Amino acid sequence: MVLADLGSKVALALRKMTQATVIDQTVMNEMLSEICKALLQADVNVAQVKHLREQVKRNVDVEALAGGLNKRKMLEQAVCNELCAMLDPGKEPYQPKKKQPNVIMFVGLQGCGKTTTCTKYAYMYKRKGFKCALVCADTFRAGAFDQLKQNATKAKIPFYGSYTETDPAQIAAEGVQKFKDEGYEIIIVDTSGRHMQEEALFEEMEQVAQLTQPDDVVFVMDSSIGQAAHEQATAFKSKVAVGSVIITKLDGHAKGGGALSAVAATGAPITNIGTGEHIEDFEEFEVKSFVSRMLG
Ligand code: GDP
């Protein structure tokens, strides 16, 4: 069964409200109940959900407002503002610094777009004037190194990996050291994509983190995973210090509501979004346009 994305549910609740002839307390409460239910089902923190409800009620007193005012718009705006606030964990993302090595480790489920995102990230920083390099610590998926190699070559970014070494932590450590010695500023470590049930692979990820001591761990999440977002983000967060989140495949049909769960579960800010398969299809995260898209 495909579970509707949180963004779709919230958008539906707002649309239903728009169809009511008169916006009164009852209509507003129904709309808020549906939104809160959707948020809770997506495992967004209870306190945050309660806060959203209270804030909207406080900011838009539908009974007290004069008839001519556009209450629908005001309510939509109030919900939108609260969703924006939820996407801000109140923490600045790690900012790579010039003239020093910044080790950035990428983690995520298999197929989420991690390897593609590693190159996009490197390319973005390369254009900002950083000296970037890629390390493939994915020994699990056949062809992972070739894929990274191909992407990196296209983007003219140096890479490191091995066809023979089977210990990903070893490769990661060697690659990071090599690029540190060569004065690289952003050293990106791509790890194996995990399935949720593979405990051994999660342990392997911890070992890579221990040996490379990353300055930031980026959790890459496919926007179409819907309700599984919270469980996924929590599982990764429990093993490694997730500091940033990147949401991929926002060029598809997904509304990206899982982003709310990912931020709630990791306490980490979203830094970028992936909007296609190509290297340039990568944008800085902008909360207002993200929420409008989610509700659109
Ligand atoms: P990994 O297993 O997590 O490393 O995933 P890959 O980087 O191999 O990506 C899996 C598939 O998703 C590939 O076909 C990518 O081209 C595709 N992909 C990655 N990011 C995006 C995105 O933002 N939009 C779209 N449409 N496809 C993407």
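Biologist: How many positive and negative side chains does the chain have, and how far apart are the centres of the two sets?

Modeller: Count Lys and Arg as positive, Asp and Glu as negative, skipping His and chain ends, and place each charge at Lys NZ, Arg CZ, Asp CG or Glu CD. Here there are 34 positive and 37 negative side chains, with the two centres 5 Å apart. Mind that this is a predicted model: local features need pLDDT of at least 70, side-chain atom pairs need 80 or more, and totals for chains, interfaces and linings use all residues. Residues are numbered from 1 along each chain as its sequence is written, and side-chain values use heavy atoms, without hydrogens or water.

Biologist: Which residues touch the most other members of the largest nonpolar core?

Modeller: A core joins buried (under 20% relative accessible area, 1.4 Å probe, protein chains only) Ala, Val, Leu, Ile, Met, Phe, Trp, Tyr and Cys through side-chain atoms within 4.5 Å. In this 75-residue core the answer is Leu-39 and Leu-83. A separate core of 25 residues includes Phe-106, Tyr-123, Ile-186 and Ile-246.

Biologist: What is Leu-83 in contact with, beyond four places in sequence?

Modeller: Contact means heavy atoms within 4.5 Å. Leu-83's partners are Val-10, Leu-39, Leu-52, Leu-260, Val-291, Met-294 and Leu-295.

Biologist: Which residues of helix H9 are buried, and what covers them?

Modeller: In H9 (229-237), Ala-229, His-230, Gln-232, Ala-233, Ala-235 and Phe-236 are buried. Their cover includes helices H8 (199-212) and H10 (258-266), along with strands (DSSP E, at least two residues) E1 (102-108), E5 (216-222) and E6 (242-248). Across the chain, 50% of the 296 residues are buried.

Terms used. Helices (H or I, at least four residues) and strands (E, at least two) are DSSP runs, numbered from the N terminus.
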